[in-house]
Amino acid sequence: MEQYRIQGGNRLHGEIEISGAKNAAVAIIPAALLVNGVCRIENLPEISDTETLLHILRSLGAEIRMLTPSSVEIDCTRVTWQNADYDLMRKIRASYYFIGSMLGRFGHAQTTMPGGCNFGVRPIDQHEKGMRALGASIDVRNGFIFGEGRLRGAEVHLDKVSVGATINIMLAACTAEGKSIIRNAAREPHIVDVATFLNTMGADIRGAGTDTIKINGVPALHGGSYTIIPDQIEAATYMIATAGCGGEVLIKNVIPKHLDCISAKLREMGTVVEEYPDSVLVRSSHPLRGVSVKTQPYPGYPTDAQPQITAVLTQARGTSIVTEDVYEGNRYKYVNELRKMGAQIRVEGKTAIVEGGIPLTGALVAACDLRAGAAMVIAGLCARGTTWVEDVHFIERGYQDFVGKLRSLGADIQLVELPDRPLAGDATA
Ligand code: UD1
């Protein structure tokens, strides 16, 4: 068990390089199961979620060769579905992508109900609906999902815009017989990335990035080489951290268009954001202005950057209103942790009302999930005194070298082992 110890108050200065997109990587690794041959994946983020998925593939019999820490060759020629490591599958939400890729590869699938971040009910009914439309029988019992059937192209109209369901149906449909259409599809950048990966391996997918995706089934996918896009949410996190701490940071290896909604919101708060072909420069001098933020599917403001901006809005002038419109469950658990640092936030259903301009003070707080954990780190960087963040394993699921990258910008943050854990009374020292 490890914690982050953060001494708040430093402005951030310098340059930072964004890693490959987590949410693309966690779909592309299970997608490799569909590939007949060796696929080489570059710009793989070095995070625990991708490690877990590579272990699952290995447990199925895949040959995995790490060429560099961010470059891997996967050969799934000899995989068998019977040997999957279900304890690992249970840990990670993205293991639901094995439903689509196993059905496509074997005509049957067995995975566990997805784990991952717990911020309320996260049903997978739209994934099931898609698989059934393609001709599979899906049975959920005893914490497992069983799928069976020879897949045939079909039209699926999603009842809810779902990133996971859109990708899963794409995976299942790319080697199904005939043509499939996904309507009301999600449009996130990583959906386009997964489609481009599959097309590079011989699939025929059109329209990814719009709400209608058309897939012509092909008999098999072949090997190839693919580079994952930069992580939109990792970049957003550093942009928001710079806005909160003040300073000037050049965030490199990004696709600025994917960050439009973040840049627009930060500008509204009084931060300068300059865009270059593959980088953004964020310059912030206090005070920030309070704003309204409403999460929406892409190209709206991403739910995965909601906790981080809420943390910074505690420091902005005036009252801010944050509305969580993607998840119906509670994605505000971290608010209790922010309150320990002195934040004044009231949650009413899907809305958080943030009374800004009240300085935060260091405290012992928990990372409730991946993005909530990033928010607590940002709060700690903005706070007076020392903050200890517990349960950092959540953060390491999705941020490559979070501590190292922040330190390179001048943040005073370090990873400490639990024996260093302070008494609660020391926490505001
Ligand atoms: C993915 C991302 C997650 C991000 C989310 C929204 C991965 C591994 N995770 O999660 O980081 O927060 O997109 O951008 O890529 N829903 C249903 N039925 C379904 C599926 C989803 O009702 O079958 C609901 C969900 O409960 C949620 C909404 O639809 O309220 C959006 O979920 P979805 O886009 O599917 O999110 P995930 O794929 O789980």
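This note goes through helix packing, cysteines and selected residues of a predicted model.

1. Basis. The model is predicted: local features need pLDDT of at least 70, side-chain atom pairs count only at pLDDT 80 or more, and totals for chains, interfaces and linings use all residues. Numbering starts from 1 along each chain as its sequence is written, and side-chain values use heavy atoms, with hydrogens and water left out.

2. H1 against H7. Helix H1 (residues 22-31) and helix H7 (residues 189-200) have axes that come within 9 Å and cross at roughly 30 degrees. H1 is therefore roughly parallel to H7. Helices (H or I, at least four residues) and strands (E, at least two) are DSSP runs, numbered from the N terminus. Axes are lines fitted to C-alpha atoms, for helices over the stretch in contact, and angles run from 0 to 180 degrees between N-to-C directions. Angles under 35 degrees count as roughly parallel, over 145 as roughly antiparallel, 65 to 115 as roughly perpendicular and the rest as oblique. The crossing of H1 with H7 is right-handed, that is, the near helix is turned clockwise from the far one by less than a right angle.

3. Residues between H1 and H7. On the H1 side, the contact (heavy atoms within 4.5 Å) is made by Asn-23, Ala-24, Ala-27, Ile-28 and Ala-31. H7 contributes His-190, Asp-193, Val-194, Phe-197 and Leu-198. By class, the contact of H1 with H7 has 7 nonpolar, 2 polar and 1 charged. Here Ala, Val, Leu, Ile, Met, Phe, Trp, Tyr, Cys and Pro count as nonpolar, Asp, Glu, Lys and Arg as charged, and the others, Gly among them, as polar. An α-helix has 3.6 residues a turn, so residues three or four places apart point the same way.

4. H8 against H10. The axes of H8 and H10 lie 9 Å apart, at an angle of about 0 degrees, and the two helices are therefore roughly parallel to each other. Ile-233, Thr-237, Ile-240 and Gly-244 of H8 meet Gln-308, Ile-309 and Val-312 of H10 in this contact. The contact of H8 with H10 divides into 4 nonpolar, 3 polar and no charged residues.

5. H9. In helix H9 (residues 260-268), the residues Cys-261, Ile-262, Ser-263, Lys-265 and Leu-266 are buried. Buried means under 20% relative accessible area, exposed over 50%, partly exposed in between (1.4 Å probe, protein chains only). The cover over the buried residues of H9 includes helix H8 (232-245), strand S15 (272-276), strand S17 (292-294) and helix H10 (306-313). Gly-270 follows H9 and has a positive phi, near 105 degrees.

6. Cysteines. The whole structure has 0 disulfides, a disulfide being a pair of cysteine sulfur atoms within 2.5 Å. Cys-39 is in no disulfide, and its nearest cysteine sulfur, that of Cys-76, is 6.6 Å away. For Cys-76, the closest cysteine sulfur is in Cys-39, too far for a bond. Cys-39 is buried at a relative accessible area of 0%, and Cys-76 is buried, also at 0%.

7. Arg-150. This residue sits in the loop between strand S8 (144-148) and strand S9 (155-157). With 56% relative accessibility, Arg-150 counts as exposed. Leaving aside neighbours within four places in sequence, Arg-150 is in contact with Leu-134, Gly-135 and Glu-177. Leu-134 is 16 residues from Arg-150 in sequence and 8.3 Å from Arg-150 in space, C-alpha to C-alpha.

8. Thr-387. Thr-387 lies in strand S22 (residues 386-390) and counts as buried at 0% relative accessibility. Beyond neighbours within four places in sequence, the contacts of Thr-387 include Tyr-4, Arg-5, Ile-6, Met-341 and Gly-380.
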